[in-house]
Amino acid sequence: MFKTALHSVSYAGFWPGQARLNLSDFLQRASTLGYDGVMLMAKRPHLSLLDFDDAAIERLADQLLELRLHVACLAAYTDFTIGSDHPEIPCREFQIATITQLARLAERLKCPFIRVFTAYERPTVSYDQTWMACVESLRECARRVANFGVTLAVQNHHDMAAHFETMADLLEEIDHPHCKAAFDAWAPALHGCDLVAGVDRLKDWIVHTTVADYVRRPRQVYVPNIVNYTREPDAIRAVPMGEGFIDYRGFFAALRKIGYTGSVAYEMCSMLKGGGSEANLNRYATAFLEWMRSIP
């Protein structure tokens, strides 16, 4: 059986209509639902470095121990081209410093991984400049977190290296044992890629994965002067695990084949079919555990 974790962003109240729990209540909820561990969002309203002094960290560690929850991953929020229009402001240094402090926190919580992002592409920054900003920043972050026995897990989320082949190129160039992959199925599924091929390509780096299932909903925009509609990209709506278009059974079979032993984190970080009430969030979180028990 894969180890399960619930991502705290699922109860952070970020999306229209989404219920919000504070971090302590979220941990209690994850335990009550039956999760093995948690993935903690490293920003407000949950685990922000600004709000957790030594005493608060000790209380958090005590609650995790009491609830028998492990911290599978800390979720950091990085974008290594942000602020490129004002290079006099050291935005990359700010982010590297934050990752370093999160590594100290991760060590205290016995958390092995910090999830990070690459960068969004910007029209004023060339592709190659964006690439090097990610390589240099992630390499330095990896070197610094290694001092605390922590490893970066780069998620295929932002524009740069979202495709699994490009992610492999990125990790090969960074070439650091403490920089690995948090490889998710939803991005390559939206790209139309072969999930099994993605897992096989990144098999030497995958240490974490976060899952959510989705359906496509067609969109059209009315054009009155021709009394017709134009086709727009599909809207994507989250649905309970197993009800969407992503081939998660194939994905997990591929993970098992490569000997993956890390956690599987479930997240609700977008609009859900059925809305964002606490009852619906609980329903989705429970449905995920039930679905995972059906995985051979």
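Buried means under 20% relative accessible area, exposed means over 50%, and partly exposed lies in between (1.4 Å probe, protein chains only). By that scale tryptophan 15 counts as partly exposed, because its relative accessibility is 32%.

This is a predicted model, in which local features need pLDDT of at least 70, side-chain atom pairs count only at pLDDT 80 or more, and totals for chains, interfaces and linings use all residues. Residues are numbered from 1 along each chain as its sequence is written, and side-chain values use heavy atoms, with hydrogens and water left out.

Stay with tryptophan 15. It sits in the loop between β1 and α1 (23-33). Helices (H or I, at least four residues) and strands (E, at least two) are DSSP runs, numbered from the N terminus. Phe14, Trp15 and Met271 form a nonpolar patch on the surface. Such a patch joins nonpolar side chains (Val, Leu, Ile, Met, Phe, Trp, Tyr) within 5 Å, from residues with over 30% relative accessible area and no salt bridge; like charges are joined within 9 Å. Together the three residues have about 250 Å² of accessible area, by the Shrake-Rupley method with a 1.4 Å probe, where only the protein chains shown count as cover for residues.

Now turn to strand β10 (residues 263-266). Ser263 and Ala265 point one way, Val264 and Tyr266 the other, and all are buried. In a regular strand the side chains alternate between the two faces of the sheet. Strands pair if DSSP finds at least two bridges between them. Strand β1 (residues 3-7) runs parallel to β10, joined by 4 bridges. Strand β7 (residues 206-211) also pairs with β10 in the parallel sense, over 3 bridges. Tyrosine 266 is the bridge partner of leucine 6, and tyrosine 266 is also the bridge partner of valine 211.

Next come the charged contacts. A salt bridge is a side-chain nitrogen of Lys or Arg within 4 Å of a carboxyl oxygen of Asp or Glu. The structure holds 12. One joins glutamate 278 and arginine 29 at 2.7 Å, N to O. This pair links distant parts of the chain, helix α9 (residues 278-292) and helix α1, 249 residues apart. Another joins arginine 108 and aspartate 54 at 2.9 Å. Asp54, Glu58 and Arg108 are linked in a network of salt bridges.

Last, the cysteines. A disulfide needs two cysteine sulfur atoms within 2.5 Å, and the count is 0. For cysteine 134, the nearest cysteine sulfur, that of cysteine 179, is 10 Å away.
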